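I opened this entry to keep a record of what I looked up, in the order I looked it up.

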Amino acid sequence: MKLLPQIQVEGGAEWLARTATQCLIDEARLSPKPGLVDSRGNGAHHDLTLALMEQSAHSLTPTFQALALQSWLRPADIALRQTIGRLGREGEQAMMAATGGVNTHRGAIWALGLLVSAVAMLGGEATAPAVAATAAALAKLPDDAAPKVFSKGLRATHRYRVPGAREEAQQAFPHVLQYALPQLRLSRRNGGSESHARIDALMAIMTSLTDTCVLSRAGMEGLKTMQRGARAVLSAGGSATPKGQQALGVLDRQMLALNASPGGAADLLAATLFLDRIGTPYFKH
Ligand SMILES: CC(C)(COP(=O)(O)OP(=O)(O)OC[C@H]1O[C@@H](n2cnc3c(N)ncnc32)[C@H](O)[C@@H]1O)[C@@H](O)C(=O)NCCC(=O)NCCS
Ligand SMILES: Nc1ncnc2c1ncn2[C@@H]1O[C@H](COP(=O)(O)OP(=O)(O)OP(=O)(O)O)[C@@H](O)[C@H]1O
């Protein structure tokens, strides 16, 4: 086991927390995102604004920092699972206090929280697949202290018999590793701007995610519209091309008409941006 001076652990935890927060802000500002809050407006959300999303992101920095500090070089066991479960729920409360009771980032706290913990468990330096596998090991452990509460996401996974946020993490974030990161890098190589590459990565997630946000608000019709529309953007050449932009505009209008918002896909885009930055060790930033 690597033994690190406490100051290095604290610096690493602080960097991870700042980076996770920045990824949430980058995701929120990225435009144009179909149905979602972005720098143009509120998408399909009546109770969310970009300012609220940013306030919420900042309120989560101490949660991410605590998760990293508690997880540093620890193995995936029940004790750590219970600790991060408690910190995650406290983070949800901090978010609710910052937003006056609006759910801005529940899914994001789950995904990014696990990934921040996983990087810390690996000592601050690891590849994206290793981080995702470590996060999955944590997500698979039971947290007996978790209250048995009703949630919209859980209800959608039962009703439609599809995997949701829990399963995405337990399966080591396949939509991040197999869809979004390869698309992000491909679109960058093809010469698109960073914003276009990020929108394309979001589209790649939306081609196949069973987003319980969309299912709860717009049912299976909404989900199929999302997946089909995202495929159309990518097969037109991506968001940097005129045809891709046109397809993106069509999808945006369809999502708004259905009151559908791919909040789960947005969370996974933030997770993608995080894992993309983890490639380089924190002390080089
Ligand atoms: C697992 C969580 C997300 C609860 O999920 P649940 O399925 O009950 O649904 P809920 O409607 O509360 O939230 C789901 C959210 O996840 C996102 N999401 C939706 N579908 C998906 C999907 N297929 N994949 C990934 N994320 C998704 C959306 O943003 C959605 O709003 C989480 O809040 C939780 O269990 N927290 C407890 C605290 C904890 O253990 N934390 C540890 C890590 S910090
Ligand atoms: N840019 C974004 N715009 C909107 N939602 C986002 C964005 N980024 C992430 N999300 C995710 O979407 C979720 C919000 O979805 P939703 O509004 O359906 O939740 P809800 O409050 O449970 O439901 P409802 O608003 O239908 O009452 C959040 O948990 C958040 O993680």
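I began with what the buried residues of α1 pack against: α2 (50–59), α3 (61–71), α5 and α13. Helices are DSSP runs of H or I with at least four residues, numbered from the N terminus.

The model is predicted: local features need pLDDT of at least 70, side-chain atom pairs count only at pLDDT 80 or more, and totals for chains, interfaces and linings use all residues. Residues are numbered from 1 along each chain as its sequence is written, while chains are lettered from A and ligands numbered from 1 in the order in which they are written.

Next I checked the span of α1. This helix has 24 residues and reaches 35 Å from first C-alpha to last, close to the 34 Å expected at 1.5 Å a residue (1.5 Å times one less than the number of residues).

I then listed the buried residues of α1, among them G12, L16, C23 and A28. A residue counts as buried if 20 or more other C-beta atoms lie within 10 Å of its own C-beta, placed from the backbone.

I looked at A28 in more detail. A28 is found in α1 (residues 6–29). Why is A28 buried? A28 is buried because 27 other C-beta atoms lie within 10 Å. Leaving aside neighbours within four places in sequence, A28 is in contact with V37, L50, M53, E54 and A57. The C-alpha atoms of A28 and A266 are separated by 8.2 Å, although the two are 238 residues apart along the chain.

Technical notes
Helices (H or I, at least four residues) and strands (E, at least two) are DSSP runs, numbered from the N terminus. A residue is buried if 20 or more other C-beta atoms lie within 10 Å of its own, exposed if 12 or fewer, and partly exposed in between; C-beta atoms are placed from the backbone. Two residues are in contact if their C-beta atoms, placed from the backbone, lie within 7 Å.
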